Structure formats: C-alpha cells, structure tokens
Amino acid sequence: LIRPTPRGMRCHAFLAVWTLQHQSAALSRSGEANVTVDEARHSPGGSNRSASEAESGAFLHLKGTAALDGASLAKRKVVFGSVIAGTSCLLLLSSICVLKCKQRSRQTVEAAKPSCGWQHVKSGEAKDGGGTSYKYQSLPNLLKGKSTDSMISRQSQLSRPEGLGKLTKEEMEEALDHLSPEERAERLNQWAQERAERLRMENAQYLELRRCVLISLTLLYVCASVGLPYLHRQEASCSRGFFWETHMEFLGLFAVTKCAELWLMVQDSAVSWDQIGVLDVLLKFLPSFMGYLDGYTDATAVFIAASCDDPLAQTLANAMGIAYLVGVCFFQWTVMFILSSQDPSQACLLKLLHMDMLASCVTLPAEKKWVWDLLAAVRTIGEDVPQAVLPTIY
C-alpha cells in the first residue's frame with residue numbers, strides 16, 4: 001500500500017537486520033542455557049537444578065540441597081545458625097526476666113501486707129509429684145504453745161482448708177515429731193495432695209484454658225514434626241540434609257510453644273515463684289529446647305537416609321521409619337496423649353509437650369504417677385534408643 005522509497009528500503013533493511021541479530025542472540029542464550037542445564041543434569045547432584053537456575057546465573061532457585069556449593073553452605077550455616085542461637089538466647093533471657101519480675105512483684109505484695117494475721121515465710125521443701133515446692137504459713141498467735149492434738153483440732157475449726165498452707169515449718173515438725181520417717185513422708189504427701197486438689201478447684205477456669213492450649217499446641221507439634229519433613233522430602237540430600245528454610249518453619253512453632261509456656265506460668269496462681277531460681281531455668285527450661293526438637297529431627301533423619309542410593313542407607317531408613325511410626329507416632333503421640341489427657345493436674349500433658357519447667361511446678365496426683373513413669377519408659381525404649389542407634393550407624 002505504501003510505495004517503497006530508498007529511505008524506506010533502508011529502514012526496512014535496518015529493522016530486518018536488528019530483528020535477525022536479536023533472534024540470533026536469543027537463540028544463542030537459549031542454546032547456552034540448554035547446554036548448561038544439560039551439563040547440570042549430568043553432573044553429580046545436578047538433577048535437582050532447574051532451567052531457571054542456569055539462565056539466571058547469579059540467582060539460583062534450587063530445588064535440592066545437593067546443588068549447594070561449599071561457599072553457600074558455609075554462609076547459610078552462619079546466617080541460619082545465628083537465627084537459631086539468637087532465638088534460643090532471647091527465650092532464655094525472657095524466662096529469666098519473667099522470673100525476676102514475678103519475684104519482685106511478689107515481694108512487693110508481701111511487704112504491703114499487714115503484720116498481723118497469716119504470715120508467709122519463705123521456707124519450704126519439695127514434695128513428690130511434679131516437683132512443686134510449697135510455702136508454709138503460720139497460724140494465729142492463739143495456737144502458739146498448744147499441744148499437737150489441740151492444734152490439729154483447732155485446724156479443723158478454721159475456715160481455711162487443711163493442707164500445707166496451715167502450718168509453719170516449725171509447727172509441722174512438732175506435729176510430725178512422733179512419726180517414723182516413712183509416716184512423715186506419707187503425711188507430708190497427703191497434705192500436699194490435699195492442697196493441690198484445693199488449688200485445682202479454685203483455678204478450674206484457668207486449668208480448662210490451659211488444657212485447650214496444651215491440646216492445640218500438641219496437635220500442631222505432631223503435624224509439624226511429621227508434615228514438614230514429608231512435604232520437603234524431595235529437597236533432602238544424602239549428605240546435606242534439608243534446607244535451613246524448612247527448619248525455620250519449625251523454629252517458629254518452637255518459639256510460640258515456649259512463649260506459651262512462660263505465659264501459662266505467669267497466669268498460674270499456684271506457682272511458687274520464690275521457690276524457683278535461675279538454676280532451675282538453666283536445668284529445666286533450657287534443656288527442654290533439645291527435647292522439643294527431638295521428634296522433628298528424628299523425622300528428618302528418616303527422609304535424609306531415604307534420599308541415599310546406598311543399600312545400607314535404604315535399610316536404615318526403613319528401620320528408622322518403622323521405629324518412628326511405632327515408638328513415637330503410635331505409643332507416644334497417640335497412646336500417651338490419651339492417657340495424659342486424663343490427668344487432672346495436666347502434668348503429664350505438659351511433659352509430653354516438653355514444657356518441663358511448668359511441669360515441675362505442678363503437683364502430680366498419686367494415682368497418675370504410673371502415667372508419668374510410663375511416659376518416661378515409652379520415650380526411652382520407643383524413641384531414644386532406636387533413634388540414637390540407627391542414625392549413628394547411618
């Protein structure tokens with residue numbers, strides 16, 4: 001429709017040349033990318049690399065840890081290791097800060113109370129159960145100097161319920177002086193159970209809230225421990241495991257669970273904060289970090305071993321998987337979860353979720369002691385032993 005002119009001919013020629021150059025350059029890049037992808041697929045661990053990795057060059061969108069080089073591995077260890085260490089330190093410092101704040105507020109309340117009436121003293125001793133320490137309170141002056149029989153009779157007439165909250169340490173020693181060591185221990189345990197039962201009745205609303213929180217967090221813990229390694233199993237490699245990003249997802253749930261433990265302790269009016277020290281935090285709260293990670297790391301070990309082509313690794317993966325399904329998923333997270341849910345004190349449920357510090361502040365009913373012992377046995381025989389021996393062989 002347009003008459004060609006010398007100038008128009010030159011423009012068409014220029015556009016044609018530019019188009020040919022652009023297409024040849026694109027084909028050249030595509031060919032280089034195809035060669036690079038082909039080389040990557042035939043190289044060791046290269047089957048996990050995609051075409052987008054080879055085309056981008058600088059930015060690698062990896063599909064598996066086998067394609068990571070040494071420099072990337074070292075850098076990622078530093079970055080994500082710092083995140084894990086920082087999270088653990090923040091949780092530990094938070095627990096110490098909560099402890100000190102509660103102790104200071106408790107001291108302020110005690111100092112503001114009038115000097116007459118029931119006096120709180122700091123002495124106490126740990127009793128059987130979840131490891132709770134109890135505080136003793138003194139009786140009114142009218143009971144001073146009374147005999148043991150009259151003291152006990154007077155206690156029954158007081159409006160406050162019987163239990164360890166009735167007696168000072170000296171008065172308890174006087175009341176138990178004529179008893180044998182076995183009888184003394186039995187009487188102390190009886191008083192401790194009576195006090196714990198009274199506190200459970202007074203804090204029924206809080207215990208129901210804590211029960212819902214514990215059940216929800218336990219279900220999330222089980223789903224994350226099994227689900228995350230399963231969903232990311234294609235990314236695992238024999239020698240380099242899973243991506244750190246997968247571990248960060250579990251780290252988020254871990255941080256939420258530990259923050260919930262501290263919050264539940266703050267809300268529990270039965271916790272004797274003056275009986276808890278920094279050493280208790282270091283010996284109970286900090287080691288529970290590793291216990292919480294145990295179920296997740298055992299699951300990752302199964303899929304890491306399964307990613308290896310070695311026949312022995314495949315055999316170990318099958319053995320670890322069977323041990324995990326039977327010892328952990330069935331006995332621990334199914335059978336023990338049902339039994340622990342029937343504990344009115346929730347101490348066994350706390351232990352199942354690795355809230356060891358809060359569990360140590362709860363008095364375990366004597367009739368549920370067998371559940372506590374069974375949980376320890378199931379963990380040792382069904383999880384710790386096989387999941388230590390088999391990965392060590394691997």
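User: Is Leu 279 buried or exposed?
Analyst: This is a predicted model, in which local features need pLDDT of at least 70, side-chain atom pairs count only at pLDDT 80 or more, and totals for chains, interfaces and linings use all residues. Residues are numbered from 1 along each chain as its sequence is written, and side-chain values use heavy atoms, with hydrogens and water left out. Buried means under 20% relative accessible area, exposed over 50%, and partly exposed in between (1.4 Å probe, protein chains only). Because its relative accessibility is 55%, Leu 279 counts as exposed.

User: Which helix holds Leu 279?
Analyst: Helices are DSSP runs of H or I with at least four residues, numbered from the N terminus, while strands are runs of E with at least two. Leu 279 belongs to the helix that covers residues 278–285, namely α9.

User: How many helices and strands does the protein have?
Analyst: From the N terminus on, the elements run α-α-α-α-α-α-α-α-α-α-α-α-α-α. The secondary structure therefore comes to 14 helices and zero strands.

User: Are α7 and α10 roughly parallel or roughly antiparallel?
Analyst: Axes are lines fitted to C-alpha atoms, for helices over the stretch in contact, and angles run from 0 to 180 degrees between N-to-C directions. Angles under 35 degrees count as roughly parallel, over 145 as roughly antiparallel, 65 to 115 as roughly perpendicular and the rest as oblique. Helix α7 (residues 204–231) packs against helix α10 (residues 288–306) at about 25 degrees, with axes 8 Å apart. That angle makes α7 and α10 roughly parallel.

User: Are α10 and α11 roughly parallel or roughly antiparallel?
Analyst: The axes of α10 and helix α11 (residues 311–341) come within 8 Å and cross at roughly 155 degrees. That angle makes α10 and α11 roughly antiparallel.

User: Is Leu 209 buried, partly exposed or exposed?
Analyst: Leu 209 lies in helix α7. Because its relative accessible area is 42%, Leu 209 is partly exposed.

User: How far apart in space are Leu 209 and Leu 264?
Analyst: In sequence, Leu 209 and Leu 264 are 55 residues apart. From C-alpha to C-alpha, the distance between Leu 209 and Leu 264 is 9.4 Å.

User: What is the phi of Gln 346, in the loop between α11 and α12?
Analyst: Most residues other than glycine have a negative phi. Gln 346 is buried, with a relative accessible area of 4%. Although Gln 346 is not a glycine, its phi is positive, at about 65 degrees.
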